[in-house]
Amino acid sequence: MNEYFLLFNRIEWALIFIAFAVCFQSPNIRWLIGNIIVLKTVDILTIGIIVQWGAFYYLAISLYDVVIISMILKRQKTAGYIASLKIPWLSRLARSSAQYYKLTSNEISLIILYLFSIVINLASLAERLIRKYSEFDPMFIYNNYPMAKFVVTVLSVLILCSLAINGANNIYQDRKSNKL
């Protein structure tokens, strides 16, 4: 099963990387997808270690989801800070992302999806704790966990691809924020 998830994580990473390349006209979406690429890379590099943590695995991947949600919601502040560091190509992208910041409906869908992922993780953790500390042996979430996470992953990739297509069509380019 771990080999399957490792392969699927790599396929997901490659598709997100393609989405990053497609959305070249929208710095806002490119910044968002770039952040997710960085987090997905960390996920791929550490998943072999995190899986061995037992119950803490569910907390670790929930933390990963929380980081993605906060990077979506705090993108303008993060991009503004990175822009001030004056790293040649990264600061230019960050400045454009902060300037054209607009939370889109696709991003709100992504946030809701990651919140659902956190609920799945915490429910699985609760079920595991019930099995460990009582005689009751629920297996519903445990048996459905891989498919539920598969659905969340596929939907997140579809949403990111939709964002990339919108970015390639220059839909978000002219929406300047007055917050900067």
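## First stop: a buried arginine and its partner

Select Arg 75, which counts as buried at 0% relative accessibility; buried means under 20% relative accessible area, exposed over 50% and partly exposed in between, with a 1.4 Å probe and protein chains only. A salt bridge here is a side-chain nitrogen of Lys or Arg within 4 Å of a carboxyl oxygen of Asp or Glu. Glu 107 lies in helix H6 and Arg 75 in helix H4 (residues 75-84), so the pair ties together parts that are 32 residues apart in sequence. Glu 107 is likewise buried, with a relative accessible area of 0%.

Before moving on, note how the model is to be read. It is a predicted model, in which local features need pLDDT of at least 70 and side-chain atom pairs count only at pLDDT 80 or more, while totals for chains, interfaces and linings use all residues. Residues are numbered from 1 along each chain as its sequence is written, and side-chain values use heavy atoms, with hydrogens and water left out.

## Second stop: the whole chain

Zoom out and colour by secondary structure. The protein chain holds seven helices and zero strands, and its elements run α-α-α-α-α-α-α from the N terminus on. Helices (H or I, at least four residues) and strands (E, at least two) are DSSP runs, numbered from the N terminus. The C-alpha trace spans about 60 × 30 × 25 Å along its principal axes. Of the 180 residues of the protein chain, 43% count as buried. Among contacts (heavy atoms within 4.5 Å) between residues at least 6 apart in sequence, 76% join residues at least 24 apart.

Two packed helices are described by the angle between their axes and the distance between the axes. Select helix H6 (residues 105-133) and helix H7 (residues 140-168): they pack at an angle of about 165°, with their axes 10 Å apart. The axes are lines fitted to C-alpha atoms, for helices over the stretch in contact, and angles run from 0 to 180 degrees between N-to-C directions. H6 and H7 are therefore roughly antiparallel to each other; angles under 35 degrees count as roughly parallel, over 145 as roughly antiparallel, 65 to 115 as roughly perpendicular and the rest as oblique.

Which residue classes make up the contact of H6 with H7? There are 16 nonpolar, eight polar and four charged residues in it. In this scheme Ala, Val, Leu, Ile, Met, Phe, Trp, Tyr, Cys and Pro count as nonpolar, Asp, Glu, Lys and Arg as charged, and the others, Gly among them, as polar.

Stay on H6 and select Ser 124, which lies in that helix. Ser 124 is buried, with a relative accessible area of 2%. Not counting residues up to four places away in sequence, Ser 124 touches Tyr 58, Ile 141 and Tyr 145.

Also in H6, Glu 127 and Arg 131 are four residues apart and thus separated by about one helical turn. They form a salt bridge whose closest N and O atoms are 3.2 Å apart. Glu 127 is buried, with a relative accessible area of 5%.

How many salt bridges does the count come to? It comes to four. Between Lys 40 and Asp 43, the closest N and O atoms are 2.8 Å apart. These two residues are three apart in helix H2 (residues 27-50), a separation of about one helical turn. Lys 40 counts as buried at 5% relative accessibility, and Asp 43 counts as buried at 10%.

Go to Ile 68 in helix H3 (residues 56-73). Ile 68 counts as buried at 1% relative accessibility. Leaving aside neighbours within four places in sequence, Ile 68 is in contact with Leu 39 and Tyr 114. Leu 39 is 29 residues away along the chain, yet the C-alpha atoms of Ile 68 and Leu 39 are separated by 7.7 Å.

## Last stop: a loop residue

Most residues other than glycine have a negative phi. Select Lys 86, in the loop between H4 and helix H5 (88-99). Lys 86 has a positive phi of about 60° although it is not a glycine. Is Lys 86 buried or exposed? Lys 86 is exposed, with a relative accessible area of 68%.
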